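Subject: Structure handover and findings

Hi,

Here is the structure for your files. Please look it over first; my notes follow below.

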Amino acid sequence: MGSLRALGVTQQVALLFVVLFGLLMLVTIVSISRSLRDRTPAQQELWQGYLRDLRAAWIAAVLFWIAWIAGAIVSTLLFAIVSFVALREFVTLTHTVRGDHRALLLAFFVVLPLQYLIVATEFFDLFTVFIPVYVFLAIPVLSAFGNDPKRFLERTAKIQWGVMVCVYGMSHAPALLLLDLPRYEGRGAFLVLYLVLVVATAQIAQEVASRRLRRRPVARAISRTFSWRAWAIGAVSAALVGALLYWATPFKPIPALVMGLIAGGSGTFGAFVMQALKRDAGVHTWGGRMSVTGAVGLLDRVAGLCFAAPVFFHSVRWYFGF
Amino acid sequence: VKLPEVAGLFLAFLARLITGAQGHWHGCPPKAEQRIYFANHQSHFDWVLIWAALPHELRAVTRPIAARDYWTATPLRHWITREIFNSVYVSRQRSDDEDPLEPLMDALRSGDSLVIFPEGTRGNKPEPAQFKAGLYHLAEAFAGVPLIPCWIANVQRVMPKGEVVPVPILCSVTFGAPLALEGGEDKRAFLARARAAVLALREVA
């Protein structure tokens, strides 16, 4: 692994993408060869879900590849678009009313672009406080102008929560691109890729573990699959993958392991919280066939990242002491 | 490539960006045949949504109805409705010697598909208002043209009455099974059946 560390940036990236696309291709080939099996309708449904996940993984991998080629600004823009689509989905499923119209316009067309503009211009002092402080205060003001006191606090809280998760949380991922770490200049893309891979590993491992283990769920009303042991397996898998990737990061092996643990663990908590929200909104998956709106199901997939990114971002900054 | 075509593609892209504009075909496939689509009406955005939800090939032959006095008042409005949407203009003022449905009949005779909102005006209730008789007369005159009920979900949240900027919220258009006027069916019964067909799609969506 030490020799990998000595490689140039381009070679390391090429290696990472070869491994990533190779793995995806392997999984796809195995899936194709198993796609002709007989299945019960219930199994068939699971299988369809699995195929959708696989396709999403391919799309994500290709997007990352494009982002790497195109550089930091384009990557930031890509994350902004994902953020927009996720927030759109979130707002669709939380029943906003007329009085919220202006506040929602603020969230979509002012807050979201500004936050990513702040990221792109590396204005980090404002980056961490813009949404939690200023937007936090501005949204209820605009909502109040809507002249509708009914369930006011609840409505405002919903919009703020959506902005925090879909915009603020997500924007920490491209912010990693722009961190100036000692002896790690111009390699921020690795950190983003590291974060995404680790979070995805945690979620997949947790999913597989919860299916095999059938442990007692922690909160049965919210998720029938989330158990402490499955969560731990997810986080530990993330830690192992994180350690395996240490040569591409600015960390030493042990810190890389811990970072993976932190990011993976918080990511799966994020997915768990989204399940609670889904239950409340009355849909099984954000993008399921049952939803009136035909939502695309992106929120499901990025929820983990939205929770893990801020935690990971600040862990990195503390680790390097700034 | 001409300007109206580019503008049309841009508008469809915008509609999809803001609302997703997903078309769900539940009773009939999208097909290049002459059809009359009829839908619930809650917002100015409704037409654009149906139009964006249609496959690209069907957009050119599917025409909306536009009020002549409003949509020809300024050059821009006139250009949008004429060049991009190829609208059928109707006048809202009744004159004695003119059948208000005549422009629609003309369009149907020339083989185009139409999108109509039989409530006549935008509603703000969860359920559509009673349907106006125009749909019945069209069904009577063009018995061979399938009538497709459509349910537009969520659009009132995108742009409530009085607002000008739409909020991005996902919407969907559900297309149902074709309807036809049955022999001896009277106007009232047919309009009630048509409205029920639109409402029924709310559950499917």
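I start with Ala12(B). Leaving aside neighbours within four places in sequence, Ala12(B) is in contact with Trp51(B), Ala52(B) and Arg59(B); contact means heavy atoms within 4.5 Å. Ala12(B) sits in helix H1 (residues 3-19) of chain B. Helices (H or I, at least four residues) and strands (E, at least two) are DSSP runs, numbered from the N terminus. With a relative accessible area of 4%, Ala12(B) is buried. Buried means under 20% relative accessible area, exposed over 50%, and partly exposed in between (1.4 Å probe, protein chains only). Arg94(B) is 82 residues from Ala12(B) along the chain, and their C-alpha atoms are separated by 33 Å.

Some ground rules. This is a predicted model, where local features need pLDDT of at least 70 and side-chain atom pairs count only at pLDDT 80 or more, while totals for chains, interfaces and linings use all residues. Residues are numbered from 1 along each chain as its sequence is written, chains are lettered from A and ligands numbered from 1 in the order in which they are written, and side-chain values use heavy atoms, with hydrogens and water left out.

Ala308(A) is in helix H11 (residues 298-319) of chain A. Ala308(A) is buried, at 0% relative accessibility. Not counting residues up to four places away in sequence, Ala308(A) touches Leu195(A), Val199(A), Ala263(A), Ser266(A) and Gly267(A). Ser33(A) lies 275 residues from Ala308(A) in sequence and 35 Å away in space, C-alpha to C-alpha.

Gln275(A) belongs to helix H10 (residues 253-281) of chain A. Gln275(A) is partly exposed, at a relative accessible area of 25%. Residues up to four places away aside, Gln275(A) touches Ile222(A) and Ser223(A). Gln275(A) and Ser223(A) are 52 residues apart in sequence, yet 6.7 Å apart in space, C-alpha to C-alpha.

**Helix packing in chain B**

Two packed helices are described by the angle between their axes and the distance between the axes. Helix H7 (residues 134-141) and helix H9 (residues 187-204) of chain B pack at about 105 degrees, axes 9 Å apart. So H7(B) is roughly perpendicular to H9(B). Leu135(B), Tyr136(B) and Ala139(B) of H7(B) meet Lys187(B), Phe190(B), Leu191(B) and Ala194(B) of H9(B). Axes are lines fitted to C-alpha atoms, for helices over the stretch in contact, with angles from 0 to 180 degrees between N-to-C directions. Under 35 degrees counts as roughly parallel, over 145 as roughly antiparallel, 65 to 115 as roughly perpendicular and the rest as oblique.

**Salt bridges**

The whole structure has 15 salt bridges over all chains. The criterion is a side-chain nitrogen of Lys or Arg within 4 Å of a carboxyl oxygen of Asp or Glu.

Glu33(B) pairs with Lys31(B) at 3.7 Å, N to O. Glu33(B) also bridges to Arg35(B), with the closest N and O atoms 3.1 Å apart. Lys31(B) is partly exposed at 44%, and Glu33(B) is partly exposed at 30%. Arg35(B), at 2%, is buried.

Asp112(B) and Arg63(B) form a salt bridge, their closest N and O atoms 2.8 Å apart. This pair links distant parts of the chain, 49 residues apart: Asp112(B) is in the loop between helix H6 (102-109) and strand S5 (113-116), and Arg63(B) is in strand S3 (residues 62-67) of chain B. Both Asp112(B) and Arg63(B) are buried. In chain A, salt bridges with shared partners join Asp100(A), Asp148(A) and Arg155(A) into one network.

**Positive phi**

Most residues other than glycine have a negative phi. Glu122(A) has a positive phi, near 55 degrees. Glu122(A) lies in the loop between helix H5 (101-120) and helix H6 (124-145) of chain A, and is partly exposed at 38%. Asn147(A) has a positive phi of about 60 degrees and is not a glycine either. Asn147(A) is in the loop between H6 and helix H7 (152-177) of chain A. Asn147(A) is exposed, at 69%.

Best regards
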